[in-house]
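Please look over the sequence and the model before reading the points below. They take a few residues in turn.

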Amino acid sequence: MQPQNSLNTVWKGYPVSTNLPEKSLTVSDIQGRKGGVPLVCLTAYTTPTARLVDQHCDVTLVGDSLGMVLHGLPSTLGVTLEMMVLHGQAVMRGLSRSLCVIDLPFGTYEESPAQAFRNASRLLAETGAAAVKLEGGVHMAETIAFLVARGIPVMGHLGLTPQAVNVLSGYKVQGKGPDAQRILTDAQAVSDAGAFAVVLEKIPQALAYEITQATAIPTIGIGAGPACDGQILVVDDMLGAFADFRPKFVKRYADLSHQACQAIEQYAAEVRAGEFPAQVHSFGQPI
């Protein structure tokens, strides 16, 4: 009989036995997966969700996407450090093996490496997360190196960078045509600065393949095709729990929003009809 924490899968046509470690994964574990079995990554913002993804994901990201998914903000720009601390603490209560990475929100790291260290160190100290993620390439290389040299692991984020939505004029595919060289240069700069992995969002898959081949760190794709070293999605998107919009790169593995609407409709109807609560849901003798 196989142990409960053992998975059998197939990678590039070959059977692979992946034994999930009992201990928490480390930054070094993630770095060591470059070119290996693809990394599985999802976001989480709450303790219950963290418990669900923990045994299946190598990396759990407390993303600033929580501003849109949970708080109804129009973009990630309104997310605060306090919000990230609160949700980071909740997620860490639900994790036992997955590596937790937490986003540095907009305005908390761009000013200077010192500002970035002050806020990143607070995030890690108050949440227990293992690493931070920040957006930007060449212009953030100095900051990444500064953080890494002071004991803060950094995951990069290139391509479509949501915190720069106003500069990018929306959520368009990045890296087309001549712009590909910019992102390739950014990726090399992030890798050279000491980041342990980099998210590639919404770029052509040929460019993602080139970056994956050219850099020494794992690439984690979201709308970047299958050639990356891993994949990440917003958990509410892939579960169909967030129905406001559906990016092309999202595959929905469930339709929880529709199911929840049906359940709430049925509950409301039963309450109004006097059918709920029934005796089985009540205490003492019926009246």
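1. Contact here means heavy atoms within 4.5 Å. Not counting residues up to four places away in sequence, S75 touches M68 and Y171. This is a predicted model, where local features need pLDDT of at least 70, side-chain atom pairs count only at pLDDT 80 or more, and totals for chains, interfaces and linings use all residues. Residues are numbered from 1 along each chain as its sequence is written, and side-chain values use heavy atoms, with hydrogens and water left out.

2. S75 lies in the loop between α3 (66–69) and α4 (81–92); helices (H or I, at least four residues) and strands (E, at least two) are DSSP runs, numbered from the N terminus. The side chain of S75 reaches the backbone nitrogen of L77 at 3.2 Å. S75 counts as buried because its relative accessibility is 12%, and buried means under 20% relative accessible area (1.4 Å probe, protein chains only).

3. Which residues does the UniProt annotation "binding site" cover? The unreviewed entry lists D64, D103 and E135. They are spread over 72 residues of sequence but cluster in space, with a largest C-alpha distance of 11.3 Å. Such annotations may be inferred rather than shown by experiment; positions follow the numbering used here, and feature names are shortened.

4. D103 belongs to strand β5 (residues 99–103) and is buried, at 3% relative accessibility. The D103 side chain reaches the backbone nitrogen of D64 at 2.8 Å.

5. E135 sits in the loop between β6 (131–133) and α6 (141–149). With a relative accessible area of 8%, E135 is also buried. Leaving aside neighbours within four places in sequence, its contacts include Y109, M140 and H157.

Terms used:
Buried < 20%, exposed > 50% of the residue type's maximum accessible area, 1.4 Å probe, protein only. Polar contact = N/O pair within 3.5 Å; in protein donor to acceptor, adjacent residues only side chain to side chain.
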